[in-house]
Amino acid sequence: MRIGELGRRTGVNAHQLRYYESQGLLEADRGANGYREYDESAVLRVTQIRHLLGAGLSSEDIAYVLPCAVGEVPELPGCPELLEAMRTRLRRLDDQMEKIARSRDALATYIDAADRTGGDSYPPLTGAAVTRC
């Protein structure tokens with residue numbers, strides 16, 4: 001099948017499919033006319049990629065785990081190397097979430113303080129450089 005049909009069947013646009021191919025996640029043969037030709041297994045492969053992306057894995061992570069994936073909502077074997085790769089990604093996500101939570105808390109503190117002080121504008125209106133909120 002051509003890229004357009006694969007896109008229709010998976011709900012993924014051609015640009016994304018070409019990106020998956022460039023990342024080594026999806027393979028296509030080339031027809032005599034130079035067009036990409038995908039076999040039936042590409043539908044399953046794209047579905048697996050979408051699920052793994054939804055889990056927060058990077059394309060590099062997915063390239064590592066995809067050969068082990070089984071089924072539409074991919075099941076992954078518990079081999080030590082694969083588990084370590086997924087645990088590493090989970091730690092990175094946890095770190096990012098902690099940073100975002102700290103930023104959110106700091107921003108909420110600033111908003112609360114600004115609400116308490118009130119006022120029509122900040123900084124006070126003086127000089128040529130006037131900034132209004």
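In the protein chain, 44% of the contacts with a separation of 6 or more are between residues 24 or more positions apart. The model is a predicted one, and its secondary structure amounts to five helices and two strands, which follow one another along the sequence in the pattern α-α-β-β-α-α-α.

**Burial and surface**
- The protein chain has 133 residues, of which 22% count as buried.

**Helices α2 and α3**
- Two packed helices are described by the angle between their axes and the distance between the axes.
- Helix α2, made up of residues 14-22, and helix α3, made up of residues 41-54, have axes that come within 12 Å and cross at roughly 85°; α2 and α3 are therefore roughly perpendicular to each other.
- On the α2 side the contact involves Gln-16, Leu-17 and Tyr-20, which meet Val-46, Ile-49, Arg-50 and Leu-53 of α3.
- By residue class, this contact of α2 with α3 divides into five nonpolar residues, one polar and one charged.

- Ser-59 lies in helix α4, which covers residues 59-65, and Ser-59 counts as buried because its relative accessibility is 15%, with the cut-off for buried set at under 20%.
- Leaving aside residues up to four places away in sequence, Ser-59 touches Tyr-19, Gln-23 and Leu-25.
- With Tyr-19, Ser-59 also forms a polar contact of 3.4 Å between the two side chains.

Terms used
Residues are numbered from 1 along each chain as its sequence is written. This is a predicted model: local features need pLDDT of at least 70, side-chain atom pairs count only at pLDDT 80 or more; totals for chains, interfaces and linings use all residues. Side-chain values use heavy atoms; hydrogens and water are left out. Axes are lines fitted to C-alpha atoms, for helices over the stretch in contact, and angles run from 0 to 180 degrees between N-to-C directions. Helices (H or I, at least four residues) and strands (E, at least two) are DSSP runs, numbered from the N terminus. Angles under 35 degrees count as roughly parallel, over 145 as roughly antiparallel, 65 to 115 as roughly perpendicular and the rest as oblique. Contact means heavy atoms within 4.5 Å. Ala, Val, Leu, Ile, Met, Phe, Trp, Tyr, Cys and Pro count as nonpolar, Asp, Glu, Lys and Arg as charged, and the others, Gly among them, as polar. Buried means under 20% relative accessible area, exposed over 50%, partly exposed in between (1.4 Å probe, protein chains only). A polar contact is a pair of N or O atoms within 3.5 Å; within protein, one must be able to donate a hydrogen and the other to accept it, and residues adjacent in sequence count only if both atoms are side-chain atoms.
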